[in-house]
Amino acid sequence: VPNHDRHAPPFPVRVLLTFLTGIALSIYFLLVGYVNQDAKRRDMGQVLWTLLVIFIPNAIGFLVYFLLRKPLP
């Protein structure tokens, strides 16, 4: 029988945290996909904006993209 951590959160809390982490990651990947396709549609350099959004931390890349994107043709 493996040793259990006495200070670990209860099982329902661990399930909830796992679920919320999955939702947060899903939203992040969907936003990266949106930026990728939107930059292509606006002729803005698809790869450059996608990489900037991925590597600039704390969602600042998303904010920069949405503030600086070109209007639709």
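Does D43 count as buried or exposed, and at what relative accessibility? At 63% relative accessibility, D43 counts as exposed, where exposed means over 50% relative accessible area, buried under 20% and partly exposed in between, with a 1.4 Å probe and protein chains only. This is a predicted model, in which local features need pLDDT of at least 70 and side-chain atom pairs count only at pLDDT 80 or more, while totals for chains, interfaces and linings use all residues. Residues are numbered from 1 along each chain as its sequence is written, and side-chain values use heavy atoms, with hydrogens and water left out.

**Aromatic pairs**

- The structure holds 5 aromatic pairs, a pair being rings of Phe, Tyr and Trp (its six-membered ring) with centres within 6.5 Å, called stacked if the planes are under 30 degrees apart, edge-to-face if over 60 and tilted for the rest.
- The ring centres of Y28 and F62 lie 5.8 Å apart with the planes at 85 degrees, so this pair is edge-to-face.
- This pair links distant parts of the chain, 34 residues apart, with Y28 in helix α1 (residues 11-41) and F62 in helix α3 (residues 60-68); helices are DSSP runs (H or I, at least four residues), numbered from the N terminus.
- Y28 is partly exposed at 29% relative accessible area, whereas F62 is buried at 8%.

**Positive phi values**

- D43, which is not a glycine, has a positive phi of about 55 degrees, and its place is in the loop between α1 and α2 (46-55).
- N58, also a residue other than glycine, has a positive phi near 60 degrees; N58 lies in the loop between α2 and α3 and is exposed, with a relative accessible area of 70%.

Notes:
Helix = DSSP H or I, 4+ residues; strand = E, 2+ residues; numbered from the N terminus.
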